[in-house]
Amino acid sequence: MRVGIIGCGAICSVIMSSVCRGDVEVELVALMDTSPEKCEKLLKNCVTQRSTAICKDIDCVLEARPQLVIEAASQRAVRDYVPKLLARGVDVVVLSVGALLDEELYRGVVEATKSSNSKVYIPSGAIAGIDAVKALAPLGIERVELRIYKNVKAFDPNTLKRLGFAEIRERTKVFEGSGVDASRLFPANVNVVATLALASGKIPWVKLYADPTLTKNIHEIEVESPASRIQIRVENEPHPENPKTSYLAPLSAIELLKELTKNTNILVGT
């Protein structure tokens, strides 16, 4: 499979390591970032991918003829590039899934997939239990609550100041409310909100905590439906280069790539 990646940051570095080791059998045809030197640095020690194009714009990526592009950049990248890729028949893995809580963008993405027969893949990311939530959704889900705990360094300090949290010395709830508002205020921290919303058909109620003593990114999920009540707690190691990103998030994207490229007659999970 011919693959491109948009965004050469922490998530891309984990995916690249897997590709370069040969854990995922793909041909990496393009890397794109507004700072191309980041892409060059990632490719420097990757002996298996010497013909990868380094791009600053989406047209360069399209010229490389990818079959699949992984968006690992930002919600803005989803808005700016994903509809265009889909319209050209390129499948896309969306990691900045919070962007899809924008109803107009979501409709545009759906229309683009229908017109070109392309697909959007959304990995489970930094949380667990998405298969169970999807299974419960047809019965109707009554409540979804998500509590996120991260080190204060994982948050944009300007956003915290704007909300009245100029200095945080202990665990502090910095937000409580609709998942749509959480995604708007903290776009780099709460992509799991959108993943839960799309899987359950219900916008989660979100509580977000900043804690200067935390060394892990913690997600607690509660889901109630007529068939089941689910409680999940996931304690993730932050990526060392970007504490906003849980290490599990790129690992879930790698596992998705493996599922898309391997030939097997045994499938585990829904």
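I am working on a predicted model, in which local features need pLDDT of at least 70, side-chain atom pairs count only at pLDDT 80 or more, and totals for chains, interfaces and linings use all residues. Residues are numbered from 1 along each chain as its sequence is written, and side-chain values use heavy atoms, with hydrogens and water left out.

**Entry 1: disulfides**

Cys20 is in helix 1 and Cys46 in the loop between helix 2 and strand 3, so the pair ties together parts 26 residues apart in sequence (helices, H or I of at least four residues, and strands, E of at least two, are DSSP runs numbered from the N terminus). Cys46 counts as buried, because its relative accessibility is 0%.

I then looked up Cys8 and Cys39, whose sulfur atoms are 2.5 Å apart in a disulfide. Their S-S torsion is about 95°, so this disulfide is right-handed. The pair links Cys8, in the loop between strand 1 (2-6) and helix 1, to Cys39 in helix 2, 31 residues apart. Both cysteines, Cys8 and Cys39, are buried.

Cys55 and Cys60 form a disulfide with sulfur atoms 2.1 Å apart, left-handed at -60° about the S-S bond. With the bonded cysteines of the protein chain numbered in sequence order, I recorded the pairing as 1-3, 2-4, 5-6. Cys12 is in no disulfide, and the nearest cysteine sulfur, that of Cys8, is 4.4 Å away.

**Entry 2: helix 2**

I listed Pro36, Cys39 and Leu43 as buried in helix 2 (residues 36-44). Seen down the helix axis, the buried residues fall within an arc of 55°, so they line one face of helix 2 (the arc is that of the directions from the helix axis to the C-beta atoms). They pack against helix 1 (10-21), strand 2 (27-32) and strand 3 (53-55). The face turned away from the buried side of helix 2 carries exposed Glu37, Lys41 and Lys44.

**Entry 3: aromatic rings**

Which residues form one aromatic cluster? I found Phe155, Phe175 and Phe186 in it (rings of Phe, Tyr and Trp, the last by its six-membered ring, pair if their centres lie within 6.5 Å; planes under 30 degrees apart count as stacked, over 60 as edge-to-face and the rest as tilted). The whole structure has 3 aromatic pairs. The ring centres of Phe155 and Phe186 are 5.8 Å apart and the planes at 80°, so this pair is edge-to-face. Phe186 is buried, because its relative accessibility is 1%. Phe175 and Phe186 also form an edge-to-face pair, at 6.3 Å centre to centre and 70° between the planes.

**Entry 4: His219**

I checked the UniProt record, an unreviewed entry, which lists His219 under "active site"; such annotations may be inferred rather than shown by experiment. His219 lies in strand 10 (residues 217-224) and is buried, with a relative accessible area of 1%. Leaving out residues up to four places away in sequence, His219 touches residues including Arg147, Lys150, Arg233 and Ser246 (contact means heavy atoms within 4.5 Å).

Key:
Buried means under 20% relative accessible area, exposed over 50%, partly exposed in between (1.4 Å probe, protein chains only). A disulfide is a pair of cysteine sulfur atoms within 2.5 Å.
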